[in-house]
Amino acid sequence: MVTVHHRYATVRGRQLFYREAGPASAPAVVLLHGFPASSFMFRDLIPRLADRYHVIAPDHLGFGLSDRPPGWSYRPEDQARNLARLIETLGLKDLTLVVHDYGGPIGLAYALDHPENVRRLVLFNTWMWSFAGDRSVEWVAWILGGRLGRYLYERRGFSVRVMLRYAVADRRRYTRAVERQYLAALDGHATWVYAREILGSSAWYDGLWRRRDRIARTPAILIWGMKDPAFARYLPRWRQVFEQAEVVQLADCGHAPPEERAPESLPFLTRFLER
């Protein structure tokens, strides 16, 4: 039986929580959650990968069991700096990055800065570009990034109770008990900052997108929930980024394949890792 260890690393003076499983000598696989989630979203993938890989799944600062320092920025670019420091602290080499949602720009920033240390990329419903000018995103981001959004996120658990629940297409596995796990680990302020930074960090996203050629030759697999109300339409854009991309379309899955379709995704994922 695989043991999943709960550990902490000091990163820039703060405690980052991470789940760790598998032999330290095995190839490293780093799983990066989005918002309003935590490493809990990968709970079904971690033990199943750990028989052959050294699996690390951190909680970003302000999420899950990591520190929640008052006054910290919680901007994605600062979370990306934390990730780079964590990878350096743990001495992870020649790694595979698995990213979902906000974990995409955070993790891919590392891949763009250190392409020599990233062997493969696994993308679940994510992005890496500015939404400025995208009217379908701008008006939602404007509302949720303002005072009303702050109240909803910080006081009402809106990001879990409404947004995540709406984005999950198949709720047979996303039960109320699972939802309570996300709510228990929720920091409303950090999630509100993420909502604000959908547009607020546009310049940083633009910088990532302009450098996309640095990961174009990295072997990648795109495992995509096609009923995702936000990201399903971006799959063709990702197809154009990579020269070697396998694409798996999950027709009956919403925004969160690691939550909705972990067992079904696993054969595609392990076959890709074993090449």
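Reader: Which residues of helix 7 are buried?

Author: In helix 7 (residues 176-184), they are Val178, Glu179 and Tyr182. Buried means under 20% relative accessible area, exposed over 50%, partly exposed in between (1.4 Å probe, protein chains only). The model is predicted: local features need pLDDT of at least 70, side-chain atom pairs count only at pLDDT 80 or more, and totals for chains, interfaces and linings use all residues. Residues are numbered from 1 along each chain as its sequence is written, and side-chain values use heavy atoms, without hydrogens and water.

Reader: Why are the buried residues of helix 7 said to line one face?

Author: Down the axis they fall within an arc of 100 degrees, so they line one face of helix 7. The arc is taken over the directions from the helix axis to the C-beta atoms. On the other side, Arg180 and Ala184 are exposed.

Reader: What do the buried residues of helix 7 pack against?

Author: Helix 6 (158-167) and helix 11 (257-260). Contact means heavy atoms within 4.5 Å. Helices (H or I, at least four residues) and strands (E, at least two) are DSSP runs, numbered from the N terminus.

Reader: What puts the buried residues of helix 4 on the same side?

Author: Val137, Ala141 and Leu144 are the buried ones. They cover an arc of only 70 degrees around the axis, which puts them on the same side of helix 4. The face turned away carries exposed Arg135, Trp139 and Trp142.

Reader: How many bridges join strand 7 to strand 8?

Author: Six, and the strands run parallel. Pairing takes at least two DSSP bridges, so strand 7 and strand 8 pair.
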